[in-house]
Amino acid sequence: MARPRKPLLSRERIVTAALDLIDADGLAALSTRRLAAELGVSGPSLYNHFTTKDEILGAVADRVVEDVDLSMFEPPDDGAGGAPAADWPEALLAWARSYRAALAAHPHLVPFLAAGPGRRPGGLRMADAVFGAMVKAGWAPAQATRIGALMRYFVTGSALGSFAGGFVADPGAYDPADYPNLGRAHLLAEHQRRVDEGAFETGLTALVAGLTLQFRESHP
């Protein structure tokens, strides 16, 4: 029997094509009709693998979340089921950096991810890992929940947009008579990545330092 001219349709292929489409043209560009055209198939054939567009979008979101490293929250491989291999402040720092890197690679998807995991397995595994590690470290469950929420707010907010990219490269746009402190603001866009990553690191280290201080005060 001759091989089909096009690869057989699969969930993996659909998710890859959907993510490529979102990366290229934004979240609003994703439709089952557009996706089917990109895959060279008829629209109804997608429903053999996904029942709705939202289900496709959820699978795309989980694909991105799978790139987030959670190994720092795993207990030592000694059968004791103890605390994470890294101490909790270092674990939070490492996780947040990996989390932001995964989101920054797909910025158009961030608004969807910012809404939370819902019932998505990948998102729930990440939430479970963070919460469990904080409780094992000694945080009260309620505060561990707040820490997970706080970190998600901070990371997704950082990946959602660019502070430096919000300024134009035209020095004439920032008249010192109107903006006496923005004389070098036109240089920000040129150094967008360095500025944005530096701002993320500044905020992240300050945030975790503050949590560390709270923990010490509540665990004398």
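Predicted model: local features only at pLDDT ≥ 70, side-chain atom pairs only at ≥ 80, totals over all residues.
Which residues of α7 are buried? Residues are numbered from 1 along each chain as its sequence is written, and side-chain values use heavy atoms, with hydrogens and water left out.

The buried residues of α7 are Gly122, Gly123, Met126, Ala129, Val130, Ala133 and Met134, where buried means under 20% relative accessible area, exposed means over 50%, and partly exposed lies in between (1.4 Å probe, protein chains only). These residues cover an arc of only 130° around the axis, so they sit on the same side of α7; the arc is that of the directions from the helix axis to the C-beta atoms. On the other side of α7, Arg125 and Asp128 are exposed. After α7 comes Gly138, whose phi is positive, near 120°.

Seen as a whole, the protein has nine helices and zero strands, where helices (H or I, at least four residues) and strands (E, at least two) are DSSP runs numbered from the N terminus. The radius of gyration of the protein is 22 Å, well over the 17 Å that the globule rule gives for 220 residues, so the protein is more spread out than a compact globule. For this comparison the radius of gyration is taken over C-alpha atoms, and the globule rule is 2.2 Å times the number of residues to the power 0.38. Along the principal axes, the C-alpha atoms fill a box of roughly 70 × 65 × 25 Å, and of the 220 residues, 35% count as buried. Among the contacts with a separation of 6 or more, 68% come from residues 24 or more positions apart, a contact meaning heavy atoms within 4.5 Å.

The charged side chains give another way to follow the chain. Side chains of opposite charge can pair when their charged atoms come close. A search of the whole structure finds seven salt bridges, each being a side-chain nitrogen of Lys or Arg within 4 Å of a carboxyl oxygen of Asp or Glu. One of them joins Arg63 to Glu12, with the closest N and O atoms 2.9 Å apart. Because Arg63 lies in helix α4 (residues 53–65) and Glu12 in helix α1 (residues 11–25), this pair ties together parts that are 51 residues apart in sequence. Arg63 counts as buried at 18% relative accessibility, whereas Glu12 is exposed, with a relative accessible area of 52%.

Glu201 is partly exposed at 28% relative accessible area, and Arg97 counts as partly exposed at 35%. Elsewhere, Asp25, Arg34 and Glu38 are linked in a network of salt bridges.

Two other residues complete the tour. Pro89 lies in helix α5 and counts as buried at 13% relative accessibility; leaving aside its neighbours within four places in sequence, Pro89 is in contact with Val208 and Thr212. His186, in the loop between α8 and α9, counts as buried at 18% relative accessibility, and His186 touches Val168, Ala169, Asp170, Pro171 and Tyr174, not counting residues up to four places away in sequence.
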